[in-house]
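The sequence and the structure are shown here.

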Amino acid sequence: MSVRDIGTEFAFFGQVIILVLIQIGGLGILTFSNLVLFLQTGRMTLQQREFVHETIGASPYMSASRLLLRVIIYALVIEAAGSLALTACFARDYPISQALWLGTFHAVSAFCNAGLGLFSDSLARYRGDIFVNVITMTLIVLGGLGFLVLSDVGAWIRAIRRRPRRHFLYQTRVVLLTSGALVLAGAAAILLLESGGTASTGSLAQRMMNSVFLSVTSRTAGFNTVPTGHLSNGTLFVVILLMAVGGSPGSTAGGVKTTTLATLFA
């Protein structure tokens, strides 16, 4: 994902600058500018509210200013949790200070769907580590769902015990269903097409994890645990299709979006 090896060719300060740019790019430059203006004035203009609804989404349950603040809170909480979890994994191989930086950088990069890392082989060295794989995939998926969906799911969880039960927004249902279908279909196709190939080495569980990871990261991020150049043409075609779809509206991911695919399918 980069023409230079970030982990070895950039000093710590350079890596920090890259991480800040990843964070700003993932959440959106205009999202940050609107947040700064809102914090300075304590209110949002009609134009700012319309912009938040256009970029993040419109929720009938909360105002634009509240949704904007929740975007930042969700991003920081998820990235902090992912950072601590990855730090615990990397601490087995590196000093705690280095492991903390590795965990922080990869957590933010995964959630913001940047795909940039500090290892020269991306995450290939952790190909068999189920914890690193699952944590990274979780961060990528959460970043690719979209902040409106995350907020809606969070509100739904908090209201589980209430009667009558709160229902998901229509966009949330479409995003969750389409995202889940793409991950499963992509993983199944990769597992089948890579039979006897690079991603088929190891046990069945290992091959399944490699296939799911590639399906998740191809659609919205860029990390890899299997060398992309060694994949079969059929698998590469599936990867291209997943990259074209990308993530969901108001997310940190690109692509034509899952909702567009769902609409075309319908």
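This is a predicted model: local features need pLDDT of at least 70, side-chain atom pairs count only at pLDDT 80 or more; totals for chains, interfaces and linings use all residues.

## The largest cavity

Among the elements around the largest cavity, α7 gives the most to the lining, with four residues, and α7 (130-145) and α10 each supply at least two of the lining residues.

## Packing of α7 with α10

The two helices α7 and α10 pack with their axes 10 Å apart and at an angle of about 30 degrees. Because angles under 35 degrees count as roughly parallel, α7 and α10 are described as roughly parallel to each other. The crossing in which α7 passes α10 is left-handed.

On the α7 side, the contact involves Ile-130, Asn-133, Thr-136, Met-137, Ile-140 and Val-141, which meet Met-209, Val-212, Phe-213, Val-216, Thr-217 and Thr-220 in α10. This contact of α7 with α10 has eight nonpolar and four polar residues, and no charged residues.

## Packing of α9 with α10

Helix α9 (residues 170-193) and helix α10 (residues 204-220) have axes that come within 8 Å and cross at roughly 130 degrees, and the two helices are therefore oblique to each other. In this case, α9 passes α10 in a right-handed crossing.

From α9, the contact is made by Ser-179, Leu-182, Val-183, Gly-186, Ala-187, Ile-190 and Leu-191, and from α10 by Arg-207, Met-208, Ser-211, Val-212, Leu-214, Ser-215, Val-216 and Arg-219. The residues of this contact divide into nine nonpolar, four polar and two charged.

## The largest pocket

The largest pocket has a volume of about 240 Å³ and is lined by 15 residues, of which Met-1, Ser-2, Phe-119, Ser-120 and Ser-122 lie nearest its centre. Divided by class, the lining of this pocket has five nonpolar, seven polar and three charged residues.

Technical notes: Residues are numbered from 1 along each chain as its sequence is written. Side-chain values use heavy atoms; hydrogens and water are left out. Axes are lines fitted to C-alpha atoms, for helices over the stretch in contact, and angles run from 0 to 180 degrees between N-to-C directions. Angles under 35 degrees count as roughly parallel, over 145 as roughly antiparallel, 65 to 115 as roughly perpendicular and the rest as oblique. A crossing is left-handed if the near helix is turned anticlockwise from the far one by less than a right angle, and right-handed if clockwise. Contact means heavy atoms within 4.5 Å. Ala, Val, Leu, Ile, Met, Phe, Trp, Tyr, Cys and Pro count as nonpolar, Asp, Glu, Lys and Arg as charged, and the others, Gly among them, as polar. On a 1 Å grid over the protein atoms alone, a cavity is a set of points where a 1.4 Å probe fits but cannot get out, and a pocket is an open set with protein on both sides within 12 Å along at least five of seven lines; lining residues have an atom within 4 Å of a point. Grid points are joined across faces, edges and corners, and a volume is the space filled by probe spheres set on the points.
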